[in-house]
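User: Hi! Could you walk me through a few spots in this protein?

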Amino acid sequence: MCGIVGYIGEREIKNRLVDGLRELEYRGYDSAGIAVMQNGRIDSFKAVGKLSNLEEKTKEYSTEGLGVGIGHTRWATHGKPTELNAHPHMGEYSYVVHNGIIENYREIKEKLESEGVTFLSQTDTEVIVHLFEAEAEKEEDLFKAFKATIEQLDGAYAVLLVTQKAPDTIFFARKGSPMILGRNRKGEIFFASSDAPLIGEADEVAYMEDGTVGYVTPKSLYTEPQELLFVPLAGDKMTAQKGGYRFFMEKEIYEQYDVMSDTMIGRVLDNDIYFEEIDEKFLEGVSRIKLCACGTSYHAALTSSYLFERISKIPVNVEIASEFRYKDPLLTDDTLFIVISQSGETADTLEALKMAKDAGLKTLAICNVDNSSIVRLADTTLLTRAGIEKGVASTKAFATQVMVLWMLSLFFAKQRKSMDESAIKEEIRFMHYVPKVLQKSLEVHEKCKRLSKRYLHGHGFFFIGRDIFFPLALEGALKLKEISYLHAEGYPAGEMKHGPIALADAELFTIALMPKTLLYDKTKSNVEELSARDSTILSISPDLFDLADDFILTHPHNHPMLEFFEMMVVEQLLAMEIAIRLGNDVDMPRNLAKSVTVE
Ligand code: AGP
């Protein structure tokens, strides 16, 4: 995914920009570029591929004294990864870098073209710089011109713009795509789309709110609609990387809003789902899907099995990779083999993928780490774009896996015409609400914190749910046991009476996922059965349930997937708060590794 950096100061500017971009490399990119402004002149360099190519191109170039620079790593969404499409994009006298997507760029482009503007790239970003220059023709105050530009953009953006008309100035704006401004005692100013490039450079940082627009010079900082709120940035890399959170897991739970927007960018359009990685013929000859993964990724696979069958009308089966490997599986070449892995290095999943490839199956990886072994081996990959995940207990990786799989089920539905267009559009309409559902909910967090003290003992937890809430129950139980070391199981709510209910008593805690949009009454009866056996019930639902001992109220939604994502956050926070109270190391739980590269 794209990355942005910016710098104002007296140190050598090119190195500052390239070093900053290197810190963002983990996000994946296919081209990079910088623009440096000094003494009213702008020099710009771009290169396709790795940052080393950009370094090679700029090896003779360096700066001395005060100057301004912006830089970008691009992950192609509109247009191929070419030099022309790489950022910064230029107008007559200005340059821009942008993360996100400008949804109405076609209209803006057509209008500007009719006024005689020539475009060099296929990107949506280029409209910003030309629009700015058109506004600057009408308005002398360049901040007003920049603001007028931003007001015309629909979509998501983090933007930095420099112009020869305002030397020493960087104009910036943020909506739906993260942007951080940092500064230090030496008077240097930094921008970055995530905090990694700022660590060790900035003393304090401001995480911009959506809707922020402003400009900064070495002597002044102006923002609308409110001033930026600066907080200290710890000097030590580890503390700083946690961005004020107690654990990486907590930070990653809170990051889900931003990373989900990244996952969707360029893929979830107004009325359509678009995967440039998959061509129209991808499903030719495919009549079934086999999904294979481990742990949390297996839960994402299981969730999607409901979606693929319901939405894309393709028969699906899901396998735990370590089981699949030794069962002498019957593989037929009409099967699309999908592996899911956060790390892309999980030994069992990798081996399963090799078996599928050897059997001549079409393979697709859903993965968070570009260039990982699984990505390199699969025929096609959809990256989940969750950013680096450090907590051993997977959170944002799971959220983005499920999202990509939901998107894929709709993409296939369209190709197979298994759902009519209006129903697909309706699903997409709900999909757009997901990042909002994931936005931090301090009240829910507080509630989880308070409730956690009641759940530190007992002889076990049952997480129960139906349909897609069954894999979510499995995931809730896995999260809890990984970091609290308490015994927890996930069950389909309807299965309890086939055995597990024998364990029910007051010391057995049932975490009941009770969405209103899917099988509420059925789940309710199952919970009633447990309550009748005196099990202690914590219900997670938008409705109060009078037989529950405790409850966490979620928001009412009109789509099961929205309820799914909100309940997922509740499970993550609850597990984390219980583990914290028990004094455990949440990020590095005992006996576990982030990447399981042995079988
Ligand atoms: C999740 O919280 C786990 N730590 C673990 O189950 C993990 O999902 C599993 O090991 C698979 O890893 P992968 O997604 O990197 O393949």
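User: Is aspartate 534 buried or exposed?
Analyst: This is a predicted model, where local features need pLDDT of at least 70, side-chain atom pairs count only at pLDDT 80 or more, and totals for chains, interfaces and linings use all residues. Residues are numbered from 1 along each chain as its sequence is written, and side-chain values use heavy atoms, leaving out hydrogens and water. Buried means under 20% relative accessible area, exposed over 50%, and partly exposed in between (1.4 Å probe, protein chains only). Aspartate 534 comes in at 51% relative accessibility, so it counts as exposed.

User: What is the phi of aspartate 534?
Analyst: Aspartate 534 sits in the loop between helix H18 (520-532) and strand E23 (536-541). Helices (H or I, at least four residues) and strands (E, at least two) are DSSP runs, numbered from the N terminus. Aspartate 534 isn't a glycine, yet its phi is positive, at about 70°.

User: And what is the relative accessible area of aspartate 328?
Analyst: Aspartate 328 is in the loop between helix H10 (321-324) and strand E17 (335-341). It isn't a glycine either, but has a positive phi of about 50°. Aspartate 328 is exposed, and its relative accessible area is 69%.

User: Which residue does a cis peptide bond join to histidine 87?
Analyst: Omega for this bond is about 0°.

User: What is omega for the peptide bond from glutamate 224 to proline 225?
Analyst: Proline 225 is in the loop between strand E13 (221-224) and strand E14 (231-232). The bond from glutamate 224 is cis, with omega near -5°.
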